[in-house]
Amino acid sequence: MIEQTVMRALDFTLYYGDFKALNSINMEIPMNSITAIIGPSGCGKSSLIRSFNRMNDLIANMRTEGRILVDDEDIYSQDVVQLRRKVGMVFQRPNPFPKSIFDNVAYGPRIHGVRDRSRLAAIVEGSIRDAALWEEVRDDLDKSALSLSGGQQQRLCIARALAVEPEVILMDEPASALDPVATLKIEELMGKLKRKYTIVVVTHNMQQAARVSDYTAFMLTDPERSGNLIEFGRTSDIFTKPLDKRTEDYISGRFG
Amino acid sequence: MILRKIKQRLAFSTMWIACGMTVAILLVVIGYVIVKGFALINLDFFFTSPRGGLSGEGGISSTIIATVYLVITTLVFATPLGVGAGIFLVEYADNIRSRFAKKLVALARFGVETLAGVPSIIFGLFGYALFVSALHFGFSILSAALAGTCLVIPVIIRTTEEALKAVPDSYREASLAMGANKWETIWKVVLPSAIRGISTGIVLSAGRVVSETAIFYVTLGGSYRTPTSLMSSGRTMALHVYYLAMETRAFDKALATAAVLVVLIVVLNLIINSVSRWLST
């Protein structure tokens, strides 16, 4: 079976000033699946995931070569607002705004022009339900988001990302600041979300990649400290019969 | 071992003494003014105008009105300018590519630093030359408010800068990642989070306008009549204290006015503190 591809990197190279952070990355992100990007610290996995929604644009002296396509369209030939609407992001540390739970989730829809109160309420409820948080906060929507626990805050951030109906959700180590129970909840949630969305997750936790993802990309730095994609394939293949010796060394815990 | 303990003791006691002295000085000054001043204060004092002349008779009603008028007018000018400049310096200035514009920004930063240390009478002379004389605004609330704006803008810019820098970048990232543009991010996320710090700067500025004398001596004139328009001359409470103390025999009235001034500043601080707390929740 051939899956549809949502995002595609073609010889994508990223520079921060003179430093080449990513070296000619080629990969395809299949639709309605979870793709994990793993690798040791500093291998460029965060740089790569932040390229997909152009968050690296914020860094001065950044430039790129090659292309990244989302829905067959170059990310640099489309409006960044539209791109980020299609490709949402959840960050490593939960970062809800210091506003109410409702206003956090309603932030995106409001920005994109939804004014109608009942429609906003419906979007907020739907998104919080999809993020498996509704039962815990249904009576407290007016409370400050900062009063929630870390795990709840992260699920709220996921709900906030869902509220603009993205196609892809990028998650940059979404559970690394959370305790094991909260981590498990996020992982379960990811499994549910992939029915509607495509998820790309950066993690340095190999067990997590093995548990939740369908595809795995393994990255490593070359002698110039640039990030390279070493191997990409089905998670079951990468973890049982990796083609590259370096992948095998990494997943068997010989380094990293 | 014992020597280290002694050093520690010594350091702590020095700090305690410094702290105690500060509080003591504050209490003595405020206490003196309030005790001496309140003896003369009654309702009439608030509701009658000064009568002028050497005797210093009359109350302070017109000076209260002039003070409030001047504070509001100054803040109306200074707040948008100062907050806007602060936002520009923190959120936009670093992304500028052109060399020339970068030089300008560096110059602006240097200017803000320097202006903050300029004595208020310098702004007064400048205000006199430009607003009172050259632009023919005369001694008026308008001239004084414009000069006052020059005086307090550095304060507002710097507190705005500090407040914006204290907003975590993760808020900005989260907003941008939702597809918000830079201005939406600033307006809806960054500014609401920074509102407490910014209003602190505004309170400080209001306090500065209430307490300065020299700058308004040469821009506001000194008329003890109640100001009726932006073009009216007037006399703030601080100026009135100065006039009473230096040009009349009513030193006790100066103390009474000073007592009201002190209470006003305390109340001002309390009000805006609670407003900013209310805004930030």
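The structure described here is a predicted model, and in it the volume of the largest pocket comes to about 850 Å³. When the lining residues are sorted by class, twelve are nonpolar and twelve are charged, with three polar residues making up the rest of the lining.

In chain A, helix 6 covers residues 150-162, and its 13 residues, taken at 1.5 Å a residue, should span 18 Å, which agrees with the 18 Å that separates its end C-alpha atoms. Twelve of the 13 residues of this helix are buried, so helix 6 of chain A is largely enclosed by the rest of the structure. The buried residues include A:Arg155 and A:Arg160, together with A:Gln152, A:Gln153 and A:Gln154, as well as A:Leu156, A:Cys157, A:Ile158 and A:Leu162.

Among the cysteines, A:Cys43 has a relative accessibility of 1% and therefore counts as buried, because the cut-off for that class is under 20%. B:Cys150, by contrast, counts as partly exposed because its relative accessibility is 23%. Over all chains, the count of disulfides is zero, a disulfide being taken as a pair of cysteine sulfur atoms within 2.5 Å.

How values were computed
Residues are numbered from 1 along each chain as its sequence is written. Chains are lettered from A and ligands numbered from 1 in the order in which they are written. This is a predicted model: local features need pLDDT of at least 70, side-chain atom pairs count only at pLDDT 80 or more; totals for chains, interfaces and linings use all residues. Side-chain values use heavy atoms; hydrogens and water are left out. Buried means under 20% relative accessible area, exposed over 50%, partly exposed in between (1.4 Å probe, protein chains only). Helices (H or I, at least four residues) and strands (E, at least two) are DSSP runs, numbered from the N terminus. The expected span of a helix is 1.5 Å times one less than its number of residues. On a 1 Å grid over the protein atoms alone, a cavity is a set of points where a 1.4 Å probe fits but cannot get out, and a pocket is an open set with protein on both sides within 12 Å along at least five of seven lines; lining residues have an atom within 4 Å of a point. Grid points are joined across faces, edges and corners, and a volume is the space filled by probe spheres set on the points. Ala, Val, Leu, Ile, Met, Phe, Trp, Tyr, Cys and Pro count as nonpolar, Asp, Glu, Lys and Arg as charged, and the others, Gly among them, as polar.
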